Amino acid sequence: MSVSPEAFDVVVIGSGPAGQKAAVQAAKVGKRVCLVERDALGGACVHHGTIPSKTLRETAVCLAGIRVRAGRHIPVEIPPELQLQSLMDRKVAVVEAHVAFLSRQMERNGIEQRHGRARFLTPHVVEIESVFGDRALVRGSTIIIATGSRPRAPQGIPIDHERILDSDSILNLSCLPRTMTVLGAGVLACESATIFAALGVRVTIVDKAPRPLGFLTKSIVDRFVAAFERNEGCVFVGSAEAQSVAWNGVDAVVARLSNGWEARSDVLLCALGRVANVEGLCLEAAGLATNARGHIPVDADCRTSAPHIYAVGDVIGPPSLASTSMEQGRRAMRAALGLSRVGAADTIPSGIYTIPEIATVGVDADAAAARGTECVIGTARFDEIARGQISACTDGVLHLVVDAGTRRVLGCQILGEGATELVHLAQMAMSSGALVDSFVDGIFNFPTMAEAYRVAALDAVARLQSREFSVR
Amino acid sequence: MPVATQQELDTLVARRLDEGLLELPMLPSAMTQTLALCQSESVDAQTLSAAIHRDPTLAANVLKAANSAAFGLSSPCASLQQAVARLGLARVAELALALCVRGTVFSDPSCRDALAQLWRHAALAACTAREIARALRRNVETAFLCGLLHDVGKAVLLTNLQRDLGQGSVELPELAGVLHARHESAGARLAAAWKLPDPVAVAVAFHHEPERATVHAPFAAIACLADLLAHLVDAEEGAELLADAVRRHPAVAMLNVYPDQLQSLFVLATKARAAAECLA
Ligand SMILES: Cc1cc2nc3c(=O)[nH]c(=O)nc-3n(C[C@H](O)[C@H](O)[C@H](O)COP(=O)(O)OP(=O)(O)OC[C@H]3O[C@@H](n4cnc5c(N)ncnc54)[C@H](O)[C@@H]3O)c2cc1C
């Protein structure tokens, strides 16, 4: 006996940022939507990633801030037996509030939620297995795959989630270790490394590249490494890989490195990338396959090789950010429904929540040069800004990339506290086609970090003038 | 002939619980210290072995457990320091903690057999909870404590009842009903008196209905699942019925454990037996 599947206009698999936005977009135009989630509503972002890590970060930044601003008078010591969870007191409340908000949003939009694991039976039919093993079928005219990613577990690294951890388990440590080795120097590795460093842990970052965060402007990365290494006992070891990792059975995790060094620490964080969640989806039943990196290949509208199936978020690979995942979800859905797509892909900022923060939007000098665009760079150092001095956030810099011909803002790179908020001013300037002069003419509050834009713009304008002068 | 009817037993227990007459064992100082050490990264072999040596019986038992075959050491350890060097600090601290609990709560000679039976279950649940936590990326040490202490209320009630009724008057099967009904509240009293970490206290109080826990619910659910799996591993008869009950249990849904994953957890629970036997 075969049961005929329940029919929906749209079936979304995965309720992370990418899936949510796709589901809401479809529901807003009156489509009947089914959202399937195997775990808790909200995805990795809410439960293992962004929200918990940012809650811990907030505490670390506050403690570090008090140390710099008043440490001579108010001693800030973290007792060794302090539970790591106590530094994330707000986490449970924040996660609950967010899940409740999401849940209301889904209900308000009439989105049908199903709790279970989804897999393709045919290109249009998806089977949902409940946690108790019951099975149900749904049929979608359009299907969105938004199943996210999980930490990669490289061969030969015995992750036990007790001493050798990954980015999912690191935040469940009982207490602060004294020392930590971090394998990998991507965004998540650097975020964790600097958060723990700010909490007083001696952190060693090991990566096979000569510098961390290889996709960023070199001068920004150099400053970042210098800031990281100013924490006591913290070092970045580049051009080296771990050849073996093992707990010595007593008191240390030992990583033997390709450069002959040995890194010993209380705990080790393995942050060597993430893999797409595709196993168990039975992609082949939908006629789909993954590429060499294990991601689902898609076109600019996130459409897969099956015309009615789209893939969005971490499952299609970098940049693997919550913000881009949301935009992909919305964009794919609009494409599927034949709605207009206002594309602003090059004005999506990236935020890296290291301590200090890093944010970028648009192009840097090298990327502009590669495009053949002549540009000038205006720079502001945070120690030149009154607010930077007041807040003791002098460890920062803002680069404004300006088209030498049109005077338009092409990009911005910021390192320093508040970078992830500050970057949006450049983003707005870019998307409205504003000229660099608007930052000079505009009046900002004083004292604020936003003044860095004025300082950088003045620098850029001065450079433009001297160029014109020399050209003449 | 039973000395007391179920009704009378219930009245006795209710009186103890409701009138504040429940006798709770004192938190041993060796346990306070070991608990603190377990939660601190800055502990070394010497500090730990010194803490354990404060209680010579405990020290001897830890060494015995460390040497027990299941740990697979080729030659026996002669000292605690050596045990630490071979098993690692965390494992030895955990052993010490477990044996401390056994010595304090599970060792009243007047009901030794019944307590020993409860203890075997506690040890297996602890080792099972640890593996569940590892699989679900939760804190492993906290889960161990949740499993170890989930039924501590039963031991407390048993010891109290024994005082009311006199030695050897009742057997575990006759008490099962009343112990089951009241052990979560008795355990919660002990957890409060001993100031156990919050997730552990929640697991002790809510391990039969983890969905009622308002905070730390995942640890209540882990204790619940560990309890069920430990019973399943030990069940000689009725394993099928129990297995069905586990498959449909709300804890399984709370932790999002799918049938195939549940099967793997069951295998891990079977393997945890060896580790649990060292504590027994
Ligand atoms: C530690 C950490 C910190 C981060 N910090 C930031 C940050 O500060 N800023 C930022 O922008 N990004 C951050 N990210 C990245 C961000 O979390 C991800 O890019 C984002 O969550 C991806 O969204 P998604 O919807 O693609 O996938 P996910 O959020 O991973 O959601 C996918 C969902 O699909 C479900 N699923 C998978 N397979 C199935 C199936 N077969 N059936 C049903 N459901 C299924 C999963 O259970 C999951 O809930 C961070 C990530 C981590 C790990």
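Strands β20 and β21 (residues 397-403) of chain A run antiparallel and are joined by seven bridges. One pairing to look for is A:C375, whose bridge partner in β21(A) is A:D403. Bear in mind as you browse that this is a predicted model.

- β20 and β21 belong to an open sheet of five strands in chain A, with the order β18-β19-β22-β21-β20 and antiparallel pairing.
- At the edges sit β18 (350-352) and β20 (375-381) of chain A, each of which pairs on one side only.
- Ignoring direction, neighbouring strands of this sheet are turned by 10° against each other on average.
- As for what holds such strands side by side, strands of a sheet pair through backbone hydrogen bonds.
- Helix α6 (residues 218-229) of chain A lies across β19 (358-362), β20, β21 and β22 (409-415), and runs at about 10° to β22(A).
- Helix α10 (residues 419-431) of chain A also packs on the sheet, where it touches β18, β19 and β22. The direction of α10 makes about 10° with that of β19(A).

**Around the ligand**

- The ligand has 37 residues around it, and the closest are A:E37, A:K54, A:A118, A:D314 and A:A322.
- Sorted by class, that shell holds 13 nonpolar, 16 polar and eight charged residues.
- Several elements of chain A supply at least two shell residues each, among them α1 (17-28), β2 (33-37), α3 (50-70) and α7 (322-336).
- The side chain of A:K54 has an N or O atom 2.8 Å from an oxygen atom of the ligand.
- On its own the ligand has 990 Å² of accessible area, and the protein covers 93% of that.

- Most peptide bonds are trans, and most residues other than glycine have a negative phi, so the spots below are worth a look.
- A:P318 and A:P319 are joined by a cis peptide bond with omega of about 10°. You'll find A:P319 in the loop between β17 (309-311) and α7 of chain A.
- Another cis peptide bond links A:F446 to A:P447, with omega of about -10°. A:P447 is in the loop between α11 (437-441) and α12 (451-471) of chain A.
- A:L213 isn't a glycine, yet its phi is positive, near 45°. This residue lies in the loop between β10 (202-206) and α6 of chain A.

Conventions. Residues are numbered from 1 along each chain as its sequence is written. Chains are lettered from A and ligands numbered from 1 in the order in which they are written. This is a predicted model: local features need pLDDT of at least 70, side-chain atom pairs count only at pLDDT 80 or more; totals for chains, interfaces and linings use all residues. Side-chain values use heavy atoms; hydrogens and water are left out. Two strands pair if DSSP finds at least two bridges between them. Helices (H or I, at least four residues) and strands (E, at least two) are DSSP runs, numbered from the N terminus. Axes are lines fitted to C-alpha atoms, for helices over the stretch in contact, and angles run from 0 to 180 degrees between N-to-C directions. Contact means heavy atoms within 4.5 Å. A residue is near a molecule or strand if one of its heavy atoms lies within 4 Å of it. A polar contact is a pair of N or O atoms within 3.5 Å; within protein, one must be able to donate a hydrogen and the other to accept it, and residues adjacent in sequence count only if both atoms are side-chain atoms. Accessible areas come from the Shrake-Rupley method with a 1.4 Å probe; for residues, only the protein chains shown count as cover. Ala, Val, Leu, Ile, Met, Phe, Trp, Tyr, Cys and Pro count as nonpolar, Asp, Glu, Lys and Arg as charged, and the others, Gly among them, as polar.
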